[in-house]
Amino acid sequence: MAGSMAPKDKPAKPDAEPGFAPSSHGDAGFEIVVIDDDALILEMTLLTFREASYAAVGFADPLDALMWASDADPTLVVVDLKLPGIEGLDLVSAFCALGRHAVILVSAYVDVLTTVDAMRLGVDNVLTKPTSPERLLAAAEMTSTTCSSRRSQITARSDDPSASQGTMM
């Protein structure tokens, strides 16, 4: 499928561009990438986030999303478990390995084992499809708070000279 692959010398482009809409929920510094191969679900998820004033981009192709996210550094990744061409937990593992993104897994195929595996990989939340806009936004809000705390702790550690000095035993 040569048409679905981005040229190697050009960065992957999202299937749906970032957007904002007025609301009282979103955090302007909080960027979300949504990955879902179902175009309708992708658009509805993006609309949900944009109506809550989040910057959100969408991808139908998971590998394009991974390439884009490695350069763009979004705060949150919302990813469907069942995607063509890649095992969902492998994709989640790749995002979690980058260590810069919170991850919410959304799938109609969630069971206890999958949830445990996802959480062990570093997923912050697992939602079952179909999920309501309210549940999706609540999960993003909770993740936003968690990410802000993590980033504050990282900044505090990097500003503290004693944090970089190891102790000898």
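Analyst: Two residues are said to touch, or to be in contact, when heavy atoms lie within 4.5 Å. The model is predicted, and for this reason local features need pLDDT of at least 70 and side-chain atom pairs count only at pLDDT 80 or more, whereas totals for chains, interfaces and linings use all residues. Residues are numbered from 1 along each chain as its sequence is written, and side-chain values use heavy atoms, with hydrogens and water left out.

Not counting residues up to four places away in sequence, Val123 touches Val92, Cys96, Val103, Leu105 and Ala118. Val123 is located in the loop between helix H4 (112-121) and E5; helices (H or I, at least four residues) and strands (E, at least two) are DSSP runs, numbered from the N terminus. Its relative accessible area is 5%, so Val123 is buried, a word that means under 20% relative accessible area, with exposed meaning over 50% and partly exposed in between (1.4 Å probe, protein chains only). Val92, one of the residues that Val123 touches, is 31 residues away along the chain, yet the two C-alpha atoms are separated by 7.4 Å.

Val110 is found in the loop between E4 and H4, and a relative accessible area of 26% makes Val110 partly exposed. Leaving aside residues up to four places away in sequence, Val110 touches Thr115, Val126, Leu127 and Thr128. From Val110 to Val126 there are 16 residues in sequence and 8.0 Å in space, C-alpha to C-alpha.

Of its 169 residues, 39% count as buried. Among contacts between residues at least 6 apart in sequence, 71% join residues at least 24 apart.

The five strands form an open sheet in the order E2-E1-E3-E4-E5, with parallel pairing; two strands pair if DSSP finds at least two bridges between them. E2 and E5 are the edge strands, each pairing on one side only. From one strand to the next, the twist averages 20°. Helix H1 packs on this sheet, where it touches E1, E2 and E3, and its direction makes about 170° with that of E2. Such angles run from 0 to 180 degrees between N-to-C directions, and the axes are lines fitted to C-alpha atoms, for helices over the stretch in contact.

Within the sheet, strand E1 (residues 31-35) is mostly covered, with four of its five residues buried. E1 is joined by five bridges to strand E2 (residues 55-59), and the two run parallel; Val34 stands opposite Gly58 in E2. Between these strands the chain passes through helix H1 (residues 39-51), and this β-α-β crossover is right-handed, that is, with the strands pointing away from the viewer, the path from the first strand over the helix to the second runs clockwise. E1 also pairs in the parallel sense with strand E3 (residues 76-80), over four bridges, and there Val79 is the bridge partner of Ile35. E3 in turn pairs with strand E4 (residues 102-107) over five parallel bridges. In that pairing Val77 stands opposite Val103 in E4, and Val103 is also one of the residues that Val123 touches.

H2 lies across E1 and E2, running at about 165° to E1. Helix H2 (residues 62-72) and helix H3 (residues 88-98) pack at an angle of about 0°, their axes 11 Å apart. That makes H2 roughly parallel to H3; angles under 35 degrees count as roughly parallel, over 145 as roughly antiparallel, 65 to 115 as roughly perpendicular and the rest as oblique. Pro62, Ala65, Leu66, Ala69 and Ser70 in H2 meet Leu91, Ala94, Phe95 and Leu98 in H3. These residues divide into eight nonpolar, one polar and no charged, where Ala, Val, Leu, Ile, Met, Phe, Trp, Tyr, Cys and Pro count as nonpolar, Asp, Glu, Lys and Arg as charged, and the others, Gly among them, as polar.
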